[in-house]
Amino acid sequence: MNILVFTTLFPNARQPHHGIFVENRLRHLREMSGYKATVVAPVPWFPSQNQRFGVYADYASVPRHESRHRLDIYHPRYPAIPKVGMIWAPFGLYLSARRVVKQLLKDGHRFDLLDAHFFYPDGVAAALLAREFGLPFCITGRGTDLNLVPDYPIPRRLIRKAAERASGLITVCAALADDLADIGIPRERVTVLRNGVDLDLFNRQEANARALREKLGIGQGPVLASVGHLIERKAHHLVIEALADMGEGHLLIAGKGPEEHNLRSLANRLGVADRVHFLGLIPHEKLSTIYSAADVFVLASSREGWPNVLLESMACGTPVVATNVNGSPEVVQKPEAGRIVDERQGPALAAAIRDILADRPAAAMVRAYAEGFSWDATSRGQMDLFTSILETHCRVY
């Protein structure tokens, strides 16, 4: 089978962490199935690579074509127009990608299936591409595309139309399948295929963890960790408040983003600035050291799809505390994995952290729980779904 993967969520030379969960799923699928794949991953157009423009300069620096893990990846540019961009983005994506797809077909490539990730705008654009090129297509819902974007009337209608036309629908957790049902898509049409965790990449790193603690001057007391973009939705501020409520310990924050100044100011106001360590952006393959250095990993987000960071932490033997949003309760189902907190407040997070620390599960027990979430079941589920789609498509045509 030859798959055309279409998504704006995919790593590139300039943004190696961007959409890494999509790349990971594809890599494991190819390893298990032997499928071939080509990736079209559009990025917003921007005229300057000058770094004073921040993330927009990063977009401008992304190569038009690159190879990662034996995958050919194309990055056409699409217009990202402020304010009106949300409505027009699917059509800009479609127009930018169709030129690349037409050229690939002209060069002799043949695709059996279009595999799109993120319902809006990607999935809507994928529906247009699939119609033009006569391909069956599948869309995977991953988070805000289904638990936030459908709050807007026009995107909601476009998402529903794309879902109705799709040959296959996937969500990474049951909560997102319910969100699709809420906009009128029959629940039985949706296949839930959760993300897995790379158990080879994420494992306990005791020596590296001790070295990191020593480097940061961390002595006695519990160590918390929080990983993710420094944006309001990730709610690192609640973890800082939880640290202050505990009255002891340290917090490791891995990530970068526009909220860093506000977070540092909050730590100063709460008198914990000397116990909050901003580590910056950590390469994905080095996060195991951060997870291993922590006694508890904390995710305080206001929205999530299937939060991979929870499984990554558990694979390193570190239990988690997470807010009760979207797919998080589906990840944390047993006491040895961690705690789910209903109230998104610092003191509530602190209480859950204390509860874990009072009877902290052995690292091996936490790791064993994570081992139940390998990528194998997800890849098998994809193979079954894609085979069924092609069989139906062949009967129709």
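**Close-up views of a predicted model**

**View 1. Cysteines C138 and C316.** C138 counts as buried because its relative accessibility is 0%, where buried means under 20% relative accessible area, as found with a 1.4 Å probe on protein chains only. C316 is likewise buried, with a relative accessible area of 1%. This is a predicted model, in which local features need pLDDT of at least 70 and side-chain atom pairs count only at pLDDT 80 or more, while totals for chains, interfaces and linings use all residues. Residues are numbered from 1 along each chain as its sequence is written, and side-chain values use heavy atoms, with hydrogens and water left out. If a disulfide is taken as a pair of cysteine sulfur atoms within 2.5 Å, the count comes to zero disulfides. C138 is accordingly in no disulfide, and the nearest cysteine sulfur, that of C173, is 15 Å away.

**View 2. Packing of helices α4 and α6.** Helix α4 (residues 119-133) packs against helix α6 (residues 153-165) at an angle of about 45°, and their axes are 9 Å apart. The contact (heavy atoms within 4.5 Å) is made on the α4 side by F119, Y120, G123, V124, A127 and R131, and on the α6 side by P155, L158, I159, A162, A163 and R165.

**View 3. Surroundings of A322.** A322, which is found in strand β15 (residues 320-323), is buried, with a relative accessible area of 0%. Leaving aside neighbours within four places in sequence, A322 is in contact with L299, L310, S328, R339, I340 and V341. The C-alpha atoms of A322 and D342, which lie 20 residues apart along the chain, are separated by 8.9 Å.

How values were computed
Axes fitted to C-alpha atoms, helices over the stretch in contact; angles between N-to-C directions. Helix = DSSP H or I, 4+ residues; strand = E, 2+ residues; numbered from the N terminus. Buried < 20%, exposed > 50% of the residue type's maximum accessible area, 1.4 Å probe, protein only.
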